[in-house]
Amino acid sequence: MDFVIKHQIRGRLRVQCSGFAAVRRFSLRQADMITYYLERCSGVLKVKVYDRTAGIAVTYAENAAGSAAENVLSALRHLDLSDPKLESLVPERTGTELNRSYQNKLLSLITRHFFCKWFLPMPLRTLLTAYRTLTFVKKGCQSLAARRLDVAVLDATAISASMLRRDTDTAGSVIFLLNIGELLEEWTYRKSVDDLARSMSLNIKKVWLQKDGRELEVPLDAVQKNDLIIVKMGATIPLDGVVASGEAMVNQASLTGEALAVRKETGVTVYAGTVVEEGELVVRVSGRAGETRYERIIKMIEGSEKLKSNVESDAMHLADRLVPYSLLGTAVVYLLTRNVTKALSILMVDFSCALKLSMPLAVLSAMRECSTNKITVKGGKFLEAVAEADTIVFDKTGTLTKAQPTVPEIMTFNGYTRETALTYAACLEEHFPHSVANAIVRQAEQEGLLHDEMHTKVEYIVAHGIVSHVNGLRIVIGSGHFVFDDEKCVVPPGEEAQYENCPAEYSHIYMAVGGVLAAIICIRDPLRAEAPEVIRALRRCGFRQIVMMTGDNKRTAANIAASIGIEEFYAEVLPEDKAKYIEQVKLQGHKVIMVGDGINDSPALSASNAGIAIAEGADIAREIADITIAADDLRQLIILKQLSTLLLQRIHANYNFVIGFNLGLIVLGVGGVITPAASALLHNLSTIGVGLHSMTDLLPEAEKASAV
């Protein structure tokens with residue numbers, strides 16, 4: 001693509017397309033393609049495409065200014081908008097069209113208002129204002145018919161009173177400002193819900209296909225209608241369909257908000273995005289991947305009142321409770337002064353309008369800001385829980401560690417070779433994707449070991465291990481507790497010394513065949529480099545109690561806890577132990593956050609005030625969790641805590657400002673200092689101002705950069 005550099009400073013570059021098209025502009029789809037294309041460049045932080053003028057602005061990391069700038073310029077030179085590969089980079093929905101539609105609505109509303117005010121004759125302007133007044137009167141009457149004294153009644157009364165006084169300009173201004181506020185609220189709400197829904201959409205690349213009696217792992221795009229796919233415990237159902245065989249308990253919270261799993265059996269419909277909690281299903285595909293999931297998520301978010309924060313709900317209820325007092329104040333002032341102007345000064349000022357606008361905007365904008373930082377939050381109540389939490393509990397594997405384990409050593413027993421042991425282990429583990437299972441499968445691939453399906457049906461036992469049969473022998477793989485205590489397997493006679501001398505610096509996966517230990521697979525799971533820094537920062541952010549819980553042995557857990565600065569830890573715990581601990585801490589009056597990534601973390605995630613899942617963890621963990629963070633950096637927990645705290649501060653600040661400012665307007669109006677028109681103008685301008693302020697980012701860019 002040909003372009004001209006219009007402006008360049010350290011960390012920012014702006015270019016103008018030259019020669020792309022005679023009209024010198026991009027379509028919305030082309031703007032999205034350029035955005036997603038450039039965001040893939042190393043060092044790029046933000047891309048803004050001005051489609052109407054064919055301009056592009058790129059912000060990149062200053063500490064890599066030279067290399068990042070060169071990457072961007074090189075990418076622009078090679079950009080070809082006719083390349084079909086660019087289309088694959090862009091999601092089906094990006095939010096660009098939504099934003100453009102509301103920009104046009106806002107521009108149209110402002111243009112119509114000032115055209116009518118400046119160019120229409122007074123009689124026509126009066127008729128038009130009277131017609132628009134009827135809409136507000138209708139809403140007010142509907143509220144009265146439902147025995148509600150809410151903001152609709154107050155708005156209808158204020159506008160009607162102005163019209164009866166023949167103060168058309170005041171009535172028109174109030175209508176205009178109310179429409180602006182309503183449009184801005186709707187825009188921000190729709191955008192926040194849209195961003196949240198897209199971040200919750202499916203990201204599944206491969207599925208298990210049942211064909212000719214075999215299980216084959218294939219790309220999701222290769223699945224056709226009426227194909228049979230296998231969905232195992234803990235996995236997301238990737239496609240709408242009907243259960244062909246099997247029984248399972250399916251968590252549908254992402255679509256219906258139901259807390260309890262629903263039983264699914266042969267002949268019952270299942271939906272893309274729901275998760276199998278227990279059991280296994282064979283599903284006959286009836287629709288494309290996530291075909292209607294986006295719309296379902298939108299409906300779930302919009303209809304889920306339980307996701308509102310307590311502070312937000314209290315403010316909204318207070319807003320409605322204040323309406324009768326505004327109406328009463330208007331009547332009292334008129335009775336005492338017999339001055340319509342002073343009485344209307346109270347009527348033109350209502351507390352509820354600003355409170356009802358600013359509170360949801362603040363919460364939804366905070367959720368949007370979380371989304372831009374790769375943090376998905378399912379409701380305002382969870383941000384409030386994070387802000388108020390004083391205890392945070394971490395799972396170890398995949399959370400405090402990188403979830404990129406390796407297999408440095410395999411100890412074999414009972415005559416088994418390394419190749420045989422690793423082949424058996426990989427053959428079973430490939431059915432249950434987890435960081436440790438992936439490491440075993442990856443090690444087998446690196447050693448060129450083929451592991452065709454040589455076993456019978458694989459059974460997964462949560463937080464314990466896997467059971468199957470190979471060549472007629474029962475094979476189990478999992479924790480030491482599972483293999484030796486539950487399954488009663490034994491160490492081969494004469495090999496006890498080798499068993500006792502297994503390396504202490506590693507975590508261990510045990511495999512037994514026919515009741516006898518066959519191998520110990522050593523797992524090295526490196527600690528996240530940022531973990532010690534994050535633990536210190538979380539303490540500074542207000543967490544008084546930081547706990548680590550793991551199924552590993554006590555010696556390994558103690559080493560990990562000491563290296564990252566966690567004083568309280570629990571080793572060799574089961575899933576129910578984690579949940580039980582959290583319930584006990586909550587009973588002591590604490591608010592608890594749980595951070596985990598595995599199937600075995602699900603009970604604890606549910607038990608906490610706010611469960612946080614790692615994005616690349618188990619599907620069921622993400623589904624049950626209230627918040628999901630990207631897997632690449634734990635510093636996002638710091639950003640989440642800061643955003644949550646700042647959100648509550650903003651809500652309280654908005655509340656204090658609205659009450660104080662509007663009381664001031666009422667005093668000035670009753671005192672005759674300002675007219676009802678001025679009072680209405682200042683009130684509505686302050687309402688829009690509070691709303692616009694609530695839409696701004698909570699965390700300055702500098703603080704985000706320092707956190708991440």
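**View A. β17 pairs with strand β18 (residues 507-513) in the antiparallel sense, over four bridges.** Ile477 faces Met511 of β18 across this pairing. The model is predicted: local features need pLDDT of at least 70 and side-chain atom pairs pLDDT 80 or more, while totals for chains, interfaces and linings use all residues. Residues are numbered from 1 along each chain as its sequence is written, and side-chain values use heavy atoms, with hydrogens and water left out. Helices (H or I, at least four residues) and strands (E, at least two) are DSSP runs numbered from the N terminus; two strands count as paired if DSSP finds at least two bridges between them. β17 (residues 473-478) also pairs with strand β16 (residues 465-470), antiparallel and over six bridges. In that pairing Val467 stands opposite Val476 of β17. β16 and β17 make a hairpin with two residues between them, and Asn471 in the turn has a positive phi of about 55°.

**View B. An open sheet of seven strands runs in the order β12-β24-β23-β22-β13-β20-β21, with mixed pairing.** β12 (375-377) and β21 (568-570) are the edge strands; each has a single partner strand, so one side of each is left without a neighbour in the sheet. From one strand to the next the twist averages 20°, with axes taken as lines fitted to C-alpha atoms (for helices, over the stretch in contact) and angles running from 0 to 180 degrees between N-to-C directions. Within the sheet, strand β22 (residues 592-596) and strand β23 (residues 610-614) are parallel partners over four bridges. Val595 is placed opposite Ile612 in β23. Helix α13 (residues 380-388) lies across β12, β22, β23 and β24 (627-629), and runs at about 95° to β23.

**View C. Four strands, in the order β1-β2-β4-β3, form an open sheet with antiparallel pairing.** At the edges stand β1 (3-9) and β3 (44-50), each of which pairs on one side only. The average twist from one strand to the next is 15°. β1 pairs with strand β2 (residues 12-17) in the antiparallel sense over six bridges, and Phe3 stands opposite Cys17 in β2. Helix α1 (residues 28-39) packs on the sheet and touches β3 and β4 (55-60), its direction making about 165° with that of β3; contact means heavy atoms within 4.5 Å.

**View D. The largest cavity holds about 70 Å³ of space.** A cavity is a set of points, on a 1 Å grid over the protein atoms alone, where a 1.4 Å probe fits but cannot get out, and lining residues have an atom within 4 Å of a point. Grid points are joined across faces, edges and corners, and a volume is the space filled by probe spheres set on the points. There are three cavities of 30 Å³ or more. Lining the largest cavity are Leu154, Asp155, Ala158, Ile159, Val174, Leu178, Leu347, Met348, Asp350, Ala680, His683 and Asn684. Two or more lining residues come from each of α6 (151-164), α7 (168-199) and α25 (676-694); α6 gives the most, with four residues. By class the lining has eight nonpolar, two polar and two charged residues, where Ala, Val, Leu, Ile, Met, Phe, Trp, Tyr, Cys and Pro count as nonpolar, Asp, Glu, Lys and Arg as charged, and the others, Gly among them, as polar.

**View E. The second largest cavity has a volume of about 40 Å³.** Its lining consists of Val386, Ile392, Leu538, Phe543, Ile593, Ile612, Leu637, Leu640 and Lys641. Eight of the lining residues are nonpolar, none is polar and one is charged.

**View F. Arg147 has a positive phi of about 60° although it is not a glycine.** Arg147 sits in the loop between α5 (122-145) and α6. The residue is exposed, at a relative accessible area of 82%; buried means under 20%, exposed over 50% and partly exposed in between (1.4 Å probe, protein chains only). Arg166, likewise not a glycine, has a positive phi of about 60°. Arg166 lies in the loop between α6 and α7 and counts as exposed, at 76% relative accessibility. Of the 708 residues of the protein, 51% count as buried.

Conventions
1 Å grid on protein atoms, 1.4 Å probe; cavity = no way out; pocket = protein on both sides within 12 Å on 5 of 7 lines; lining within 4 Å.
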